[in-house]
Amino acid sequence: MSPQARRSLQHVALAALLLAPAAGLAPAAAADPGLAAVTVHGAPGGGETYSLTVQVLLLMTAVTLLPAILLMMTAFTRIMIVLSILRQALGAGQTPPNQVLLGIALFLTLFVMAPVVDRINEQAVQPYIAGTLDAGTALEKAVVPLKSFMLEQTRESDIATFVRISGGKGYATPQDVPLTVLVPAFVTSELKTAFIIGFLIFIPFVIIDLVVASVLMSMGMMMLSPVLISLPFKLMLFVLVDGWSLVMGTLAASFYS
């Protein structure tokens with residue numbers, strides 16, 4: 001067998017091993033046909049029909065929910081709102097642009113959520129790939145670290161509000177709070193926290209605007225826009241105090257305070 005053919009065979013074997021867990025099969029049970037991703041049925045007239053298994057349909061449905069999970073169950077919402085308020089406080093128009101803010105928020109979210117992702121991978125994903133856990137048990141174990149993170153960031157008053165709205169009577173432990181109650185309470189707390197941080201960031205820039213407007217009015221330059229004069233001072237202040245580092249560090253630390 002030529003070296004090129006041997007490498008091709010190795011690639012095919014590796015792809016088969018990687019696809020086996022995704023189809024719900026343990027590598028040790030490769031001889032067992034199990035549930036295939038695509039099943040082929042014979043059709044009248046010698047044709048063939050194809051159908052997807054329930055596992056693949058559930059996987060495709062979960063993929064469509066990933067943007068909602070990223071927005072509503074991670075640190076992304078708080079980070080994105082604070083960065084947007086910061087840009088508005090600077091008064092620099094569309095600088096940084098939306099794409100840059102989204103990129104910063106995404107990777108800072110990955111940094112903040114890294115411990116949670118590691119726990120999910122250790123407690124649920126790897127045991128499921130190894131075949132020691134079934135899909136249902138793995139999903140239950142994967143939710144536990146995420147719920148713990150959300151509970152740490154959620155105010156008890158917000159949880160109580162949605163428990164009261166849902167007609168519940170409370171729960172014995174925080175881990176007993178279902179996601180249907182925890183997610184809206186978590187989002188409400190994140191919005192409140194984000195606006196508090198944004199308010200604190202906005203104050204120094206408002207003071208600069210007031211000082212510049214007062215100076216221009218005292219000089220009789222009422223026709224000159226204060227924003228045009230205050231923008232360089234705000235940018236200079238933000239750079240001198242290393243504003244980006246302070247904002248990023250404060251945002252990341254606010255999730256583990």
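Helices (H or I, at least four residues) and strands (E, at least two) are DSSP runs, numbered from the N terminus. The views below show a predicted model, in which local features need pLDDT of at least 70 and side-chain atom pairs count only at pLDDT 80 or more, while totals for chains, interfaces and linings use all residues. Residues are numbered from 1 along each chain as its sequence is written, and side-chain values use heavy atoms, with hydrogens and water left out.

**View 1. Overall course of the chain.** The chain has 10 helices and 2 strands, which follow one another along the sequence in the pattern α-β-β-α-α-α-α-α-α-α-α-α. Of the 257 residues in the chain, 29% are buried, where buried means under 20% relative accessible area, exposed over 50%, and partly exposed in between (1.4 Å probe, protein chains only). Among the contacts in the chain with a separation of 6 or more, 63% come from residues 24 or more positions apart; contact means heavy atoms within 4.5 Å.

View 2. Just after α7, Gly 167 takes a positive phi of about 80°.

View 3. The structure holds 4 aromatic pairs, counted for rings of Phe, Tyr and Trp (its six-membered ring) with centres within 6.5 Å, where planes under 30 degrees apart count as stacked, over 60 as edge-to-face and the rest as tilted. In one of them, the rings of Phe 149 and Phe 255 have their centres 6.1 Å apart and their planes at 20°, so the pair is stacked. This pair links distant parts of the chain, since Phe 149 lies in helix α6 and Phe 255 in the segment after α10, 106 residues apart. Phe 149 is buried at 3% relative accessibility, and Phe 255 is buried with a relative accessible area of 2%. Ring pairs link Phe 149, Phe 186 and Phe 255 into a cluster.

**View 4. Thr 74 in its loop.** Thr 74 lies in the loop between α3 (66–72) and α4 (76–90), and at 9% relative accessibility Thr 74 counts as buried. Leaving aside neighbours within four places in sequence, Thr 74 is in contact with Ile 69, Thr 109, Met 113, Phe 149, Phe 186 and Glu 190.

**View 5. The second largest pocket.** About 290 Å³ of space lies in the second largest pocket. Its lining has 14 residues, of which Ile 201, Phe 238, Gly 243, Leu 246 and Val 247 lie nearest the centre. The elements that give two or more residues to this lining are α8, α9 (226–240) and α10 (243–253). By class, the lining has 12 nonpolar, 2 polar and no charged residues; Ala, Val, Leu, Ile, Met, Phe, Trp, Tyr, Cys and Pro count as nonpolar, Asp, Glu, Lys and Arg as charged, and the others, Gly among them, as polar. On a 1 Å grid over the protein atoms alone, a pocket is an open set of points where a 1.4 Å probe fits, with protein on both sides within 12 Å along at least five of seven lines, and lining residues have an atom within 4 Å of a point.

Technical notes. Grid points are joined across faces, edges and corners, and a volume is the space filled by probe spheres set on the points.
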